[in-house]
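Me: I am new to this structure and would like to learn how to read it. Could you take me through it slowly?

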Amino acid sequence: MSDRPVIRAHHNGRVVELPGTIADIRAALPEEERAAFDQDIEQAAVANLPAVASAWAKTPEMRAHDDAIAARVATGDHHGLYNPDGTPVET
């Protein structure tokens, strides 16, 4: 068991561990994504750094899931989505 920091996230009803340092996130990315990652991290406002790093730490499957939800929301479909307080999103 490693003592490296991790991000614990929920995906498809299970807890997954994602890389928890900037260096580990970068190392986990395919080579062709690293320049874009470096630019996003370097340009992120300090207050936004956790969100930017967490977004890059996600697996390709998690990113595809998020993209599919964003595309659905862009069409006005909020079915099955909830506000932070647990109430359904109303359209």
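Predicted model: local features only at pLDDT ≥ 70, side-chain atom pairs only at ≥ 80, totals over all residues.

Me: Which pattern does the protein chain follow along the sequence?

Reply: Helices (H or I, at least four residues) and strands (E, at least two) are DSSP runs, numbered from the N terminus. Here the protein chain has four helices and two strands, and their order along the sequence is β-β-α-α-α-α.

Me: Which residues of helix α3 are buried?

Reply: Buried means under 20% relative accessible area, exposed over 50%, and partly exposed in between, with a 1.4 Å probe and protein chains only. In helix α3, which spans residues 49-57, the buried residues are A53, W56 and A57. They lie on the same side of α3 because they cover an arc of only 105 degrees around the axis, the arc being that of the directions from the helix axis to the C-beta atoms.

Me: What covers the buried residues of α3?

Reply: Contact means heavy atoms within 4.5 Å, and the cover includes the strands β1 (6-11) and β2 (14-19) together with the helices α1 (22-28), α2 (31-43) and α4 (60-74).

Me: How much of the protein chain counts as buried?

Reply: Of its 91 residues, 18% count as buried.

How values were computed: Residues numbered from 1 in each chain as written. Heavy atoms only, no water.
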